[in-house]
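Let's walk through this protein together, one question at a time. Have the picture open while you read.

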Amino acid sequence: MPTRYLTADEVRDAERASGDLLASGTLMRRAAHGVAQAVAAELNRAGGCYGRSVGVVVGAGDNGGDALFAAAELARRGVAAHAVLLAPEKAHPAGLRAFRAAGGRVDDALPGGLDAVIDGVVGIGGRGPLRPAAATVFAGLDPETVVVAVDLPSGIEADTGEVHDPSVRADVTVTFGFPRRAHLLAAPRCGRVVVVDIGVGDPLQPDARQLISYSDAEIDWPVPGPADDKYTQGVVGVIAGSHRYPGAAILAAGAAVTATSGMTRYVGSAHAEVVSHFPEVVAAPDLADAGRVQAWVVGPGMGTDAAATALLRTVLDSDLPVLVDADALTIVSNEPGLVAGRAAPTLLTPHAGEFARLTGAEVGADRVSAVADLAARWGVTVLLKGRITLVADPSGRVVGNDAGSSWAATAGAGDVLAGIAGSLLAVGRSPQEAGAWAARVHAHAALLASRGAPIGASALLAALRPAIREFATGRTATETHTPPR
Ligand SMILES: NC(=O)C1=CN([C@@H]2O[C@H](COP(=O)(O)OP(=O)(O)OC[C@H]3O[C@@H](n4cnc5c(N)ncnc54)[C@H](OP(=O)(O)O)[C@@H]3O)[C@@H](O)[C@H]2O)[C@@H](O)CC1
Ligand SMILES: Nc1ncnc2c1ncn2[C@@H]1O[C@H](COP(=O)(O)OP(=O)(O)O)[C@@H](O)[C@H]1O
Ligand SMILES: [K+]
C-alpha cells in the first residue's frame, strides 16, 4: 500500500473519532511515550540514558504537553531534564505537573552541553515561523545536540511543508498515527520520521485529494518475458535536441534506451549525434520517416520555432501517450489547447519556471494544490520537478517522491528524466506511475553516481542501469537511506 500523508484537519478528525481515548488523555500519553522512546534510542546510540541531559522547548498547546510528558518519562529513567516554557501561563498543566514531579527543572534558558533537545513548540496547530523566543533557544544550541521534533519541526507548515525562516531542523521527527503532508513535502527538515501507533483509525474521505508515496516494493519495473520481442515492450519515440544543441537529444534518447528493453526511435536534426552515442537508436530527421511508436517524448532542446510547433501539434493530435517537456512546454504555455482535454495519456513535466509559464503564476508555497489544480483544470497529468517531485493526475491524487539528495540539480538531468518516463509510458504505464517511478530511479541514480561528489547529467545517465537493477531485482537500498541535511 502506498503511504498516505494527512492534512492537519484529517489528523484532527481521526483523533476526534477516537472519542474517549482523546478525552482521557490516553492519546497524549501514548504520543509522549513514543517521543521518549525515540529520544532514548538517540541517547542509547552513544552511552545510554542514565546521567545524560535533555532540554525541552515547550509551547502553548498540546505539542508542548507531549514534550513535557516525554521529558518526565526520560527524567524517571535518570536523564537530567531542563524545560524552557515559551508561554508559562499556557503550558500544558498536567504535563508540567508530571515533569516537575519526575524531577525536571524549569529554567529561563537551556544550559549548554545538552545531549538532545525536544521541540515541543508547535505541532499541527502551528502557523508561520518560530517566534523570537523560540528562535533564540534553537539558535543557541550546540551543533552536535540532537533535535527531536514532536509531530513536526516547528516553523514548518503542516499541510504545505512550507519552510518558514526561522524554523527547526530536526534529526528525528516523531509523529502519531499517520505521517503528515509536511513529512514528505519538507522531508529534508524532518530528518528520520518515526510514526508511532497511538490507536487512531484511518480518517480517509474517499473523495479527498490525496498525497501519497510509493514504497520501493511498489515500483514494479518492466522486465521482458519469454514471449517478448523488441516491439512488444513498447517503442518510445524521442523528439528532442537539434544539430546545434545535440546534448538534450543524446541524454533523453540514452535514458530511453537504458530504462526499458525494446526499441527507441529518434526524430530530429541531431540524429547523427544520437546514433553515434547510441547505435541502437533508430533515428530519422523527419516525423514522416520515423516509424511507429507507442509513446512520444517531445520537447527537450527542440526549440520553439514554427517547425517545432508544427511537430508538437502533429504528435499531440495522435492518440498516443505523449510526455511534454522543456521547449514543448513553452509552446504549450502560449497555446494550452494543444494539451488541455487531450483524450490520450498526457504527461507534462515542468520545473518551477516552466510551471509558472504554463499557469501565469508562481508555484507558491502550496505545491500540492498548485500541481493538482493544473492537472484537474487541463485533464492531464503534471509532474512538478524539484527535490520533492510531485505527480498529480486529473483526479487530484498526487504522488510525491523525495529525491533523498539534491545532486540531480544539474543541467540535463531533466532530459534524462523525460527519457525514463517516456519509456514507461510506451510500456503502458499510466502517466502518474510513469512519472513517479521515473523520478524515483532518477533520484537513486543520482545518489549512486554522486556518493557525495558533484555529478553532471552524463554521470547520472551512466548510473541509471545500476539504479534500475536494484528496483528490478527488488534489492533497493533507498528506504534505509538517511537524507543528508
Ligand atoms: N489532539 C490530540 O489528541 C493529540 C494531539 N497531539 C499533539 O497535539 C498537537 C496539537 O496541539 P494543539 O492543537 O494544541 O496545537 P499546537 O501545535 O500545540 O499549537 C498550539 C498553539 O501554539 C501557538 N502557536 C501557533 N503558531 C506558533 C508559532 N509559530 N510559534 C509559537 N507558537 C505558536 C498558538 O497559541 P498562541 O500562542 O497563538 O495563543 C497555538 O494555539 C499535535 O501536533 C500533537 O503534538 C498528540 O498528543 C496526540 C493526541
Ligand atoms: N534540489 C533538487 N534536488 C533533487 N533533484 C532535483 C533538484 N532540483 C532539480 N532536481 C531534479 O533534476 C532534474 C532537473 O530537471 P530540469 O530542471 O528540467 O533540468 P534540465 O532542463 O537542465 O534538464 C529533475 O528531474 C528534477 O526533479
Ligand atoms: K514541534
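Two strands pair if DSSP finds at least two bridges between them. Helices (H or I, at least four residues) and strands (E, at least two) are DSSP runs, numbered from the N terminus. This is a predicted model, where local features need pLDDT of at least 70 and side-chain atom pairs count only at pLDDT 80 or more, while totals for chains, interfaces and linings use all residues. Residues are numbered from 1 along each chain as its sequence is written, and chains are lettered from A and ligands numbered from 1 in the order in which they are written.

Q: Which residue stands opposite Leu384 in strand 17?
A: Strand 16 also pairs with strand 17 (residues 388-392), this time in the antiparallel sense over 3 bridges. The two form a hairpin with 3 residues between them, and Gly386 in the turn has a positive phi of about 145°. Opposite Leu384 you'll find Leu390.

Q: Which residues of strand 16 are buried on each side?
A: A residue is buried if 20 or more other C-beta atoms lie within 10 Å of its own, exposed if 12 or fewer, and partly exposed in between, with C-beta atoms placed from the backbone. In a regular strand the side chains alternate between the two faces of the sheet. Strand 16 (residues 381-384) is covered on both faces: one side has Thr381 and Leu383, the other Val382 and Leu384.

Q: Which are the edge strands of the open sheet?
A: The sheet has 11 strands in the order 1-9-18-17-16-15-14-13-10-11-12, with mixed pairing. An edge strand here pairs on one side only, and that goes for strand 1 (3-5) and strand 12 (282-284).

Q: Why does Asn63 count as buried?
A: UniProt, in an unreviewed entry, lists Asn63, Asp119 and Ser154 for "binding site"; such annotations may be inferred rather than shown by experiment, feature names are shortened, and positions are given in the numbering used here. These residues are spread over 92 residues of sequence but cluster in space, with a largest C-alpha distance of 9.8 Å. Asn63 lies in helix 4 (residues 62-76). Asn63 counts as buried because its C-beta neighbours inside 10 Å number 24.

Q: Is Ser154 buried or exposed?
A: Ser154 lies in the loop between strand 6 (146-150) and strand 7 (172-176). Residues are in contact if their C-beta atoms, placed from the backbone, lie within 7 Å. Leaving aside neighbours within four places in sequence, Ser154 is in contact with several residues, including Asp119 and Val121. With 28 other C-beta atoms within 10 Å, Ser154 is buried.

Q: Which helix gives the largest share of the side of domain 1 that touches domain 2?
A: Domain bounds come from an automatic or database domain assignment, which gives domain 1 (3-208) and domain 2 (216-480). In the contact between them, 7 residues of domain 1 meet 8 residues of domain 2. On the domain 1 side, helix 7 (181-185) and helix 8 (187-190) are the elements that give two or more residues. The largest share, 3 residues, comes from helix 7.

Conventions:
Two residues are in contact if their C-beta atoms, placed from the backbone, lie within 7 Å.
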